[in-house]
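Subject: Structure for you, with notes on cavities and cores

Hello,

Here is the structure I promised. Please open it alongside the notes below.

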Amino acid sequence: MGNSKMNQNMMDKNEIERARKYACWLYSVPGIGDKTMEKLLALCPDVEQIYRMGEKLWQKALTVRQLEQIRDFARETNPEALYQGLLKQNIRFVTRTDADYPKRLRDIPDPPYALFVKGKLPAEGPSVAVIGARECSEYGRFVASGIGKALGEGGVQVISGMARGIDGISQDAALEAGGISFGVLGSGVDVCYPESNRELYEKLCARGGILSAYPLGTEARARNFPPRNRIVSGLADALIVVEARHKSGTLITVDMALEQGKDVYVVPGRVTDRLSDGCNYLIKQGAGIFLSPEDFLRDLWEGWLGRNGENKGTGQAICSEISDAMALQMPESVTRLSPLHREVYGVLDLQPMSLEQIRGRLSEEQGLQQLMLVLMELCMEKAAVQVSTGYFARRSGEGKFDKIHIEQLH
Amino acid sequence: MFCKILSGSVVGVLACFVWVEVDIDSGLPSFAMVGSLKNEVRESRERVSVALKNVGFALPASRVTVNLAPADVRKEGTGFDLPIAVGILQAMSYFPEDATKDILFLGELGLNGELKSVRGVLPMVRAAAAKGIAHCIVPMANAAEGGVIPGITVWGAENVSQVLAFLQADAEERREILTAVSVDAEALLTKQNSKGADFSQVCGQAMARRAAEIAAAGFHNLLMLGPPGAGKSMIARRIPGILPPLTLEESLEVTGIYSVAGLLEEGQALVTTRPFQNPHHTVSRAALIGGNSHPRPGIISLSHRGICFMDELPEFARSVIDSMRQPLEEHQVHLARAGGNLTYPAEFMLVCAMNPCPCGYYPDRNRCKCSETQIQHYRNKVSGPIMDRIDLWVELHAVEIDSLQNADSGEPTSRIRERVEGARNIQRERFAGTSYRFNADIREEDMERFCPLGEEEKKVMEQLYQGLQLSARVYHRILKVARTIADLAGEEHIRKEHLLEAAAYRPSQE
């Protein structure tokens, strides 16, 4: 009895694996995306049959152009070889029918038919998407790295698009803090885009995961990004927007997150900063405000525990222990320097300031050369950065939040 | 009858003596010219015969042969008209044989016999003086330029008849026929007055003013980044003023180049101010570094001992900018042409200006929406090897209204120049007996010798190296600039503050 059940399981497994090869082949055909996939599956739910029946079936669902592409693809590749190639690169192909397929993603209105996965898939625990402008300010950089670090330390999975700017910074900070992060790409999982994030890409492969709904070798195209964004928000329980211009791509992701019923949190900015326009607009529309990692994590855990039917009070009690400091602290090295150094450091902002602006804000008139020396010494102490020759800003690289004690949550 | 007349032309900026040999012999009437002649020289035949006819000397109905020796040097320029005409007249025995002895002739003839200005008179006269030739007859328009050379009498002539009369006269009468022109070069140089462009007119931009001062002191190349209207060109135009005035030797070099290029104004004796060249970004490679089938000095040679200011640097064609690599390294331009190799001096200070990004407002992220990639792409238009040769980078910010209004006008040009001269004197002493002239020239292997650091300073450099993540190249550039800053301060040793200040002007991209 037990034996036959095991056999049954084995057979099922083999069956599934076989079907997977054909699904993978079909999903890898250029020009065939989720919509076409649905059409084909509606005609015939068995992917192997779809492959075997060939043109007869295909022409019922595909356009002329797609037919050409699938014909070419069928001529050049076969499902077995394609799938083996995938495995050789340690890439998994997970379809919606698999148990591994992220539950959160399955629940969104238009989940992708399948995902190519390099590394791990997001686990059950809470996960948060951190998104924002590619061209971010020092302020955005600081906040994004702070959030990434807090989430990483707090055992929250960070989901993002591995883009330049906010995305990559938060993911990198999460990994650095020992957390887990997942990058969802608008290209194939074997294509690192942008190339400048190569190091992060490798780290994500090793310690988190790279996900994509696009076949291997797909180049990053502008039109791939909006569909990608729905996966980013779909994989998360909540979304944090760090910096966004008005009418930017980030806001599209926010719309998708709202459609999917996710909580949206926004990092507020100054009304004078164009890079915060999108965020402030969202606040006006009623988005949640990100005040501090502590505040955010409390909300997140409460929601999480609530949804998962556990005692609501626990989150509150535990999170009160999270000590917090969203302010930039004066590096210790600076406290050892002269009062003038400390004053100059105090005047500096995360936004770059020109030498003349800095000079204008000091209590006493300072000679240009004197001031420059002080600033260069601050740079040397890694307390400031020279953004370009005439501009200086506070260094945000090591945005310091105090250690977050969250172990008791688990 | 045969005779020979001394003349010459310039190859590059070097004088090359040419003997004009004329022979008139019985035979079928003809006029032949030989001796590796370029077109404009060959045309001389027509000009000379018509001009001579028009002043009353018809060519004899005999065989006239003119040879320009040495025959293997390519002759170019229009300066041979006068010596050819004189040679023919002598061969026709209009004046005694020894009348042309010890005289160098240069000049282009008009059809009515008048003498027109030619290029390269200064280098020719200079070489003649060095060779011990006593007299030189040149067109009146070029006489002043020749007249700055001591040890040779330069006669300015209006037309060929005057020259003939001069040659027929004896030594006393000669002074009444032609004017001996002599110019006191030293007086000219000290008399020069500034043209009203003064550093005190630059509002704010203290950092850029300081960078200009350092650049001038060590002859470092300078790059100014800043939004439109920040005053980049304004500062660039004031840099020649803070450089020490041209010395006589330098002035002669510069004037020589301008003379060869035909850019001296009529009657101008010397270039007395530091050159300032401002090529437009559509400039061609040949125009910038020189060359062409008729080789002339390019803009960088015209900037010799002065400034070549390239505004909107990324707009220049990449190949054009790249062609400056070798001249920036060797301070001269080598041109290899089918006709031979030429060398033009080109020791200039490169001052560049560009916007920090395509829109011009980076790093003000409120106004600048350029992506990192766009900025990188924009900056990459300028090739690395050129950027490597620019020691000082400085960022200008948009000028705010109050700095325009309370013009806390900076120091005047004269005061800055005093400091620059001080630093220059220190460099002259330091580099005596070496091939160097300025701190900017110091090569890596000589860093230890000229820019030694104390223990404490070495530690500072280490900290800088790590704190600012410098590369080895930038490290050396900081040392050179620090050397100049120390010189400006009159300090023998490079100290911490000099290093830090120099580091502030390091390139902001790698």
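Keep in mind that this is a predicted model.

Start at Leu222(B). Setting aside neighbours within four places in sequence, Leu222(B) is in contact with Ala211(B), Ala212(B), Ala215(B), Ile239(B), Leu350(B), Val351(B), Cys352(B), Ile390(B), Leu392(B) and Val394(B). The largest nonpolar core has 82 residues, and Leu222(B) and Leu464(B) touch the most other members. Helix 19 of chain A, residues 368-380, gives the most to this core, with 10 residues. Another core lies apart from it and has 68 residues, including Tyr22(A), Cys44(A), Leu115(A) and Leu211(A).

Now the cavities. The count is 2 cavities of 30 Å³ or more.

The largest cavity has a volume of about 60 Å³. From chain A, its lining includes Leu355(A), Glu356(A), Gly390(A) and Tyr391(A). From chain B, the lining includes Gln205(B), Ala206(B), Met207(B), Ala208(B), Glu395(B), Leu396(B) and His397(B). Helix 18 (355-361) of chain A and helix 9 (206-218) of chain B each supply at least two lining residues. Helix 9 of chain B gives the most, with 3 residues. By class, this lining has 6 nonpolar, 3 polar and 2 charged residues.

The second largest cavity has a volume of about 40 Å³. Phe219(B), Glu250(B), Arg274(B), Arg305(B), Glu347(B), Arg424(B), Arg437(B) and Phe438(B) line the second largest cavity. That lining divides into 2 nonpolar, no polar and 6 charged residues.

Best wishes

Conventions
Residues are numbered from 1 along each chain as its sequence is written. Chains are lettered from A and ligands numbered from 1 in the order in which they are written. This is a predicted model: local features need pLDDT of at least 70, side-chain atom pairs count only at pLDDT 80 or more; totals for chains, interfaces and linings use all residues. Side-chain values use heavy atoms; hydrogens and water are left out. On a 1 Å grid over the protein atoms alone, a cavity is a set of points where a 1.4 Å probe fits but cannot get out, and a pocket is an open set with protein on both sides within 12 Å along at least five of seven lines; lining residues have an atom within 4 Å of a point. Grid points are joined across faces, edges and corners, and a volume is the space filled by probe spheres set on the points. Helices (H or I, at least four residues) and strands (E, at least two) are DSSP runs, numbered from the N terminus. Ala, Val, Leu, Ile, Met, Phe, Trp, Tyr, Cys and Pro count as nonpolar, Asp, Glu, Lys and Arg as charged, and the others, Gly among them, as polar. A nonpolar core is a set of buried Ala, Val, Leu, Ile, Met, Phe, Trp, Tyr and Cys residues joined through side-chain atoms within 4.5 Å. Buried means under 20% relative accessible area, exposed over 50%, partly exposed in between (1.4 Å probe, protein chains only). Contact means heavy atoms within 4.5 Å.
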